[in-house]
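Here is a walk through a protein model, taken one region at a time. Keep the sequence and the 3D view open while reading.

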Amino acid sequence: MVKTKGRETRMDPSILATVCWFFCAVSKEPLQEPVVTCGLGKLYNREAVLHYLLDASSFGDAAHVCAHIRSLKDVVALKLEPIDKDGSSAASAGAKLSMMESAQPMFACPISGRPMNGRTRFVALWPCGHVLSEKALREAGSKASSEDKASSTDGAAASSATAECLMCATAYDPVADVIPLNPTANELPALKERLAARAAAAAAEKKSKSKKKGSSSGGKDKEKRSKRKADEALDGADESAPKRQHRAAPTINVSMPALPAAGSTRKSEAIASIYAKTKTEPRDPTQPGKSDDFFVRGTYSRM
């Protein structure tokens, strides 16, 4: 019995292109907006990325596909141009089903109009998220470079480290901020190095911010300590100074003066004469209105 060597199975490039350009890299579901990309140029549904960040074990090959994604800061939302401007077919569920069955592209380049179907290379600008075809971006960049040469006064090329997005005029780095979507295997090592450099730059920026914040808080602590010392010195000076003797405030529990005994008060001569006259004067029976009582005297005088 003769044993024959098994043939090596090869995937059809068109199938691979369909999988990469029409399906999410982590959930394997059809792409639908909002769509995001990472530093390696893979396409994801934003909802799938959120599920992955919450529970990475729910996806089988997540460690191989998107282990470098640790937060939403590691992805950027893409601004895609739908093919149907009115959205009557591209945004409907029937259009998504048609796309899955016949691989009809849903998005295109907003400048050249080339469809995003895997046959044309597309790039994403990291600062703003706009997606353009690589050819349109290159042609627009060369045209802008020639215009700069013509407008320069000394005839030399105006070299600039940044460029502007053709859609929103956002500044970007032509080397570090242009992410090729679904790159080839030969482009992955350079993208991984660029991804590591971006992560290192972000860590350094975060460290510098924390250091600056610590220095500012240290200055505030020093100012508080000096103020506290000044207050303590002022309190010590107040304690060493002679204290003023404050007079005690009067209270309601004070002793009352002794009252004179009854009968010891000396009456004036006028009052004594009145009482003496009242006592010595006899009562007239013909005048019933008069009374010896001082309070009712004269009560019946009008009768």
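A residue counts as buried under 20% relative accessible area, as exposed over 50%, and as partly exposed in between. L53 has a relative accessible area of 31%, so L53 is partly exposed. The model is predicted, and the values below are computed from it.

L53 belongs to helix 2, which spans residues 46-54. Together with L50 and L72, L53 makes a nonpolar surface patch of about 200 Å².

Next comes strand 1, residues 35-38. Strand 1 is covered on both faces: V35 and T37 on one side are buried, and so are V36 and C38 on the other. T37, a residue of strand 1, counts as buried because its relative accessibility is 0%. The side chain of T37 has a polar atom 2.8 Å from the backbone oxygen of K42.

With strand 2 (residues 43-45), strand 1 pairs in the antiparallel sense over three bridges; one of the facing pairs is V35 with N45 in strand 2. The two strands form a hairpin with four residues between them. G41, in the turn of that hairpin, has a positive phi of about 80 degrees. With strand 3 (residues 75-77), strand 1 is joined by three bridges, and this pair also runs antiparallel. Here V36 has A77 in strand 3 as its bridge partner. As a general point, strands of a sheet pair through backbone hydrogen bonds, in either a parallel or an antiparallel arrangement.

Three strands form an open sheet in the order 7-6-10, with antiparallel pairing. Its edge strands are strand 7 (131-133) and strand 10 (178-180), each of which pairs on one side only. Neighbouring strands of this sheet are turned against each other by 35 degrees on average, direction ignored. Strand 6 (residues 122-125) is joined to strand 7 by three bridges, and the two run antiparallel. Within this pairing, V123 stands opposite L132 in strand 7.

Which parts of the chain do the salt bridges connect? The count of salt bridges comes to four. One of them is formed by the side chains of E134 and R121, with N to O at 2.7 Å. E134 is partly exposed because its relative accessibility is 26%. R121 is also in the partly exposed class, because its relative accessibility is 34%.

R121 forms a salt bridge with E187 as well, and there the closest N and O atoms are 2.8 Å apart. This pair links distant parts of the chain, 66 residues apart: E187 sits in the loop between strand 10 and helix 6, and R121 in the loop between strand 5 and strand 6. E187 has a relative accessible area of 23%, so E187 is partly exposed.

Another salt bridge joins K209 to E205, with the closest N and O atoms 3.7 Å apart. Both residues lie in helix 6, four residues apart, which is about one turn of the helix. K209 has a relative accessible area of 55% and is therefore exposed, whereas E205, at 43%, is partly exposed. Salt bridges that share partners join R121, E134 and E187 into one network.

Helix 6 covers residues 188-240 and also holds P189. Is P189 buried, partly exposed or exposed? P189 counts as partly exposed, because its relative accessibility is 46%.

Definitions and conventions. Residues are numbered from 1 along each chain as its sequence is written. This is a predicted model: local features need pLDDT of at least 70, side-chain atom pairs count only at pLDDT 80 or more; totals for chains, interfaces and linings use all residues. Side-chain values use heavy atoms; hydrogens and water are left out. Buried means under 20% relative accessible area, exposed over 50%, partly exposed in between (1.4 Å probe, protein chains only). Patches are made of residues with over 30% relative accessible area and no salt bridge: like charges are joined within 9 Å, nonpolar side chains (Val, Leu, Ile, Met, Phe, Trp, Tyr) within 5 Å. Accessible areas come from the Shrake-Rupley method with a 1.4 Å probe; for residues, only the protein chains shown count as cover. Two strands pair if DSSP finds at least two bridges between them. Axes are lines fitted to C-alpha atoms, for helices over the stretch in contact, and angles run from 0 to 180 degrees between N-to-C directions. A polar contact is a pair of N or O atoms within 3.5 Å; within protein, one must be able to donate a hydrogen and the other to accept it, and residues adjacent in sequence count only if both atoms are side-chain atoms.
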